Amino acid sequence: MQQRAERREMAVSESSVAELRAQVAGAVIMPGDVGYDEARAAWNLVIDQYPAVIVRAESAADVSAAVRFAGAHGLGVKVQATGHGASREADGAMLVLTAGLTELRIDAEAQTAWVGAGLMWGPVLAKAQEAGLAPLLGSSPGVGAVGYTLGGGVGWLARKYGLASDSVLAFEVVLGDGRIVRASEDENADLFWGLRGSAGSLGIVTGMEIRLFPVSMVYGGNLLYPVAQAREVLRRYRDWIATLPDAMTTSVVLLNVPPLPDVPEMLRGQSFAVVRGAYAGPATEGAALMDHWRQWQSPVIDMFQEMPFAAVAGISMDPEGPMPGAGTSVWMDELSDEAIDVLIHYGTPQGGPPAIVSTEVRHLGGAIAQAEGVTSAYSLRNESLVLHAVGITPTPEAFTHVMGQLAGLRAALAPYLTGSVYPNFLEGEEKWARTADAFSPEVLEQLQAVKTKYDPQNIFRYALDIQPAG
Ligand SMILES: Cc1cc2nc3c(=O)[nH]c(=O)nc-3n(C[C@H](O)[C@H](O)[C@H](O)COP(=O)(O)OP(=O)(O)OC[C@H]3O[C@@H](n4cnc5c(N)ncnc54)[C@H](O)[C@@H]3O)c2cc1C
């Protein structure tokens, strides 16, 4: 409690905020105000931040006023759409909430969409599907479209159509001095380059124009094998992905389903080795690829089927509601037998329920690696195996335990890693501290130059550690 009290002492005075209240249409919320606790909360309930002032923006002009106020009062600015991304806590800072920026326009003919910064992928997907089109969303429609895209964005169409950030045509952005500008190949091209991959460190995006893709059905799902077969499944997966066409994006998961009441009974408290994915093409071709598995051994549960892309959330079955969790992520250089043994040690029951609920290795490459003519700050195109491990942390003790297991996993895997990280799958201090590992040295240097030009005071310092010169 003492720590909380100290954090609150950093609040700005009510009188200085009155001016801001007069300038913005959205709510301005101070510590002690009704609604402060709700406004400072994030989807990841582990985040426990105490901003000096919170602005619920309703327009780009509101965002601009909030940033100008922060600059004038020496406050850093953190932006939050859903709180799925769990970057550094905004203690004593300005927290700008974008949930009110919900403009959504689909141009079916041009196959493009304008997506406001407050939108989650769900409504964008639903509206695009009405026109037989799809955005490059990730596994969960509850994730913020803009936040996801700024970090790169890898979903079930990634190997066929590439990164979400490669699908962006233009951004509207509020800069460190509060100016509202557009960034595209033709306007502020250096900013446009930097925004795509730098996970929100250069400005607050208020909306983006993205390309949509002609996808209405996929062949996707999960094959669940008994966890006792994890070693065979992982080795077989390693050999299988080397043969896959780019239309097939997959992952392999060691899954320990929590014993929660809302989980279907046949899964509750059970552990599995799961082959997961989606084929963006005719169902017969997708089914033929999955026969590789079915002919080897019948899974306990076979959920692969032809499905509307609108139902893509059913593939990963990510939790919808806010929940407390901790995770880590690294790029693996190969799924060697030794690396597989480490994954199994940390990701499956070893005499008791494992702290890590999901240990997933996604197979990327394909169109991400081949994006011809696209240059952006995303530096990880040649990486192809990204590990993402997460645990549920309802208590401080559980948090400590999960963090210890995640650290153990990272350490034991060290010989099998490339040394790079994918910022979208990192959280909090780890995300910030590993900034240099998310970019090549040349890209990081160029990002610092862009930062110096557009945010010289480093107002947006809560996402990644990209320092302006001087
Ligand atoms: C259940 C779940 C599933 C996921 N699935 C995938 C997946 O399949 N593929 C994938 O690539 N990632 C995935 N992610 C990671 C996700 O893309 C990142 O966590 C992303 O940062 C979430 O963005 P958000 O806006 O929802 O979260 P927030 O916590 O609101 O934002 C995260 C960060 O994004 C930046 N940001 C957000 N909005 C703006 C803005 N308007 N302007 C500037 N910066 C902004 C800020 O740095 C902010 O700190 C998943 C995460 C979860 C929790």
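Me: At what angle do helix α2 and helix α4 pack?
Reply: This is a predicted model. In it, α2 covers residues 14–23 and α4 covers residues 60–72. Their axes lie 10 Å apart, and the packing angle is about 160 degrees.

Me: Are α2 and α4 roughly parallel or roughly antiparallel to each other?
Reply: The two helices pack at about 160 degrees. Angles over 145 degrees count as roughly antiparallel. Therefore α2 and α4 are roughly antiparallel.

Me: Which residues of α4 make the contact with α2?
Reply: α2 passes α4 in a right-handed crossing. From α2, the contact uses Ser16, Val17, Leu20 and Gln23. From α4, the residues are Asp62, Ala65, Ala66 and Phe69.

Me: Is α9 oblique or roughly antiparallel to α12?
Reply: Helix α9 spans residues 230–241, and helix α12 spans residues 337–347. Their axes come within 10 Å and cross at roughly 135 degrees. That angle makes α9 to α12 oblique.

Me: Which residues of α12 make the contact with α9?
Reply: The crossing of α9 and α12 is right-handed. α9 brings Ala230, Arg231, Leu234, Arg235 and Arg238 to the contact. α12 brings Asp337, Ile340, Asp341 and Ile344.

Me: How many residues in the contact of α9 with α12 are charged?
Reply: Arg231, Arg235 and Arg238 come from α9, and Asp337 and Asp341 come from α12. Asp and Arg count as charged. The contact also has four nonpolar residues and no polar ones, and its charged count is five.

Me: How is α9 oriented to α10, roughly parallel or roughly antiparallel?
Reply: Helix α10 covers residues 283–296, and its axis lies 12 Å from that of α9. The two pack at about 150 degrees. That makes α9 to α10 roughly antiparallel.

Me: Which residues of α10 make the contact with α9?
Reply: α9 passes α10 in a right-handed crossing. α9 supplies Glu232, Val233, Arg236, Tyr237 and Trp240. By class, the contact has seven nonpolar, one polar and two charged residues. The α10 residues are Leu289, Met290, His292, Trp293 and Trp296.

Me: How many residues surround the ligand?
Reply: The closest are Ala81, Thr82, Gly144, Val154 and Tyr422. The number surrounding the ligand is 33.

Me: How many Å separate an oxygen atom of the ligand from an N or O atom in the side chain of threonine 82?
Reply: For histidine 84, a backbone N or O atom is 3.3 Å away. For alanine 199, a polar backbone atom is 3.1 Å away. For the side chain of threonine 82, the distance is 2.5 Å.

Key
Residues are numbered from 1 along each chain as its sequence is written. This is a predicted model: local features need pLDDT of at least 70, side-chain atom pairs count only at pLDDT 80 or more; totals for chains, interfaces and linings use all residues. Side-chain values use heavy atoms; hydrogens and water are left out. Axes are lines fitted to C-alpha atoms, for helices over the stretch in contact, and angles run from 0 to 180 degrees between N-to-C directions. Helices (H or I, at least four residues) and strands (E, at least two) are DSSP runs, numbered from the N terminus. Angles under 35 degrees count as roughly parallel, over 145 as roughly antiparallel, 65 to 115 as roughly perpendicular and the rest as oblique. A crossing is left-handed if the near helix is turned anticlockwise from the far one by less than a right angle, and right-handed if clockwise. Contact means heavy atoms within 4.5 Å. A residue is near a molecule or strand if one of its heavy atoms lies within 4 Å of it. A polar contact is a pair of N or O atoms within 3.5 Å; within protein, one must be able to donate a hydrogen and the other to accept it, and residues adjacent in sequence count only if both atoms are side-chain atoms.
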